[in-house]
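Please examine the sequence and the structure shown below before reading on.

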Amino acid sequence: MSGKTFYIETFGCQMNVHDSEKVVGTLLAKGYAQVDTPEAAELVLYNTCSIRDKAEQKVFSRLQQFKRDAGKGKIFGVLGCVAQQEGEKIFDRAPHVSLVCGSASYTKFGEMLVQIEAGNRRVTGLSLDTEETFDTPFTSRDNPHRAYITIIEGCDKSCAYCVVPFTRGPERSRTSQSVMAEARRLAESGYTEIQLLGQNVNSYRDPSPAGWDFATLLARVAETAGIRRVRYTTSHPRDFVKEIVDAMDSNPVLCDHVHLPVQSGSSRVLASMDRLYTRDQYMRRVEWLKTARRPYALTTDIIVGFPGETEVDFQQTLDLLDEVEYDSLFSFKYSPRPNTAALAMPDAVPEEEKQRRLAILQEKQRAIQIRRNAALIGSVKEVLVEGRNVALDQWIGRTSDNRTLNFTHPAGDSDGLVGQYVPVRVTRSGPNSLVGESAIVV
Ligand code: SAM
Ligand code: SF4
């Protein structure tokens, strides 16, 4: 390979985004240059998601577009969850692909690159049998102010609908020393916000003799000098213990937001999903947050149309929305995935019915968000400024409770505000964001 250029496109969750940052770091350290289009690259990588069928189809349609370019010196690699799930079958379906590497094998990514450079056109990394986590000194971070830190990889739960345990392998926690060292390094390089990542961060168990649990890790990361905000995602309700809320209450550096995926409001459906909690147990956790020392925004994930979900079950999910009043949610139609237990379950919900339920759910949630956001008009919230919308003459900010708050600022609208923390008075609201004006006294 001559000029050593690469292009990478990432699909899916924040874990994938962060994995790509590490892959990019590794490639840059090996002398590759990143380019903005697949056309300009010699090595084209897709870091893929297989959580739902639609996500999986996207990567094959991308690969199709460039089929004719194989053999013209372009090399294609499929990384991440589709790579793990489909394995060597990808070589049959897209013969111009030369590299197939699942996320549990990224620790070997450097070695695989050497094989590709040596001309090998069938390179795979598909073992799930690993105790290692993907720690690399070469992470190329996309955002100059907010940085991700992986604390735990894989998943040991077995939710009946979910491919993650099959695509990301068993749970492996990083040592607390390694996490703390990364947090300090990030603070020293100017990052002020850290987001701790894992499919299920609450099951974090420090493998070192220190033996910290998640609540302890959270509290300690929040004490890092220079770090002003710490977020984390995702929490599994079963492992979300009261100590986590206590840690958050004790230190406002821990952001005013919890993402606590419920999936369904029906205990019957939750049992059939193998979620390991009932609606009442979930509501107890919500209660901890609602009665905490400061208000926390609460967001969730919901799946509609899981096999066997009746109209009564669905109504219970709608009731749950009224009861909890989430600040935002991600909602999905159930998508059957390979290897999962739900594939064999009877009483599939027809596609049109899933669509109908999704629309009703989203409409209800929209009304809740309109109400909740409107209640914030008049309040002052601190935002981390993330960018500028020149067309609207507004700065783009994010609040501690994870809302987008776009605002105007009178003094000399230069680039100066990005990365700063600014108090903003909320003046208007919509279903998905807030608008305001800077409350800095000039
Ligand atoms: N580990 C997280 C948890 O336990 O909540 C979720 C990880 S998953 C990447 C994100 C969301 O995708 C899930 O919370 C679920 O709502 C959704 N999801 C997962 N599998 C799905 C499927 N087969 N069909 C539809 N949605 C799915
Ligand atoms: Fe999937 Fe369940 Fe693991 Fe979350 S906890 S990644 S939904 S199996």
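How many residues does the largest nonpolar core have, and which of those residues have the most contacts inside it?

## The nonpolar cores

The model is predicted. Its largest nonpolar core has 56 residues. Ile151, Leu196 and Tyr232 are the residues with the most contacts inside this core. Helix 8, which covers residues 214-222, gives the most to the core, contributing six residues. In soluble globular proteins, nonpolar side chains tend to be buried together.

Tyr232 deserves a separate description. Leaving aside neighbours within four places in sequence, Tyr232 is in contact with Leu196, Val201, Phe214, Leu218, Phe240, Ile244, Met248 and Val258.

## The barrel

Five strands form a closed barrel, in the order 15-16-17-19-18, and their pairing is mixed. On average, neighbouring strands of this sheet are turned by 50° against each other, direction ignored. Strands of a sheet pair through backbone hydrogen bonds, either parallel or antiparallel.

Lys381, for example, has Val424 in strand 18 as its bridge partner.

## The surroundings of ligand 2

Which residues surround ligand 2? The shell consists of Cys155, Lys157, Cys159, Tyr161, Cys162, Val164, Pro165, Gln199, His236 and Arg275. Sorted by class, the shell around ligand 2 has six nonpolar, two polar and two charged residues.

Notes
Residues numbered from 1 in each chain as written. Chains lettered and ligands numbered in written order. Predicted model: local features only at pLDDT ≥ 70, side-chain atom pairs only at ≥ 80, totals over all residues. Heavy atoms only, no water. Pairing = 2+ DSSP bridges. Helix = DSSP H or I, 4+ residues; strand = E, 2+ residues; numbered from the N terminus. Axes fitted to C-alpha atoms, helices over the stretch in contact; angles between N-to-C directions. Near = heavy atom within 4 Å. Nonpolar A, V, L, I, M, F, W, Y, C, P; charged D, E, K, R; others polar. Core = buried A, V, L, I, M, F, W, Y, C linked by side-chain atoms within 4.5 Å. Buried < 20%, exposed > 50% of the residue type's maximum accessible area, 1.4 Å probe, protein only. Contact = heavy atoms within 4.5 Å.
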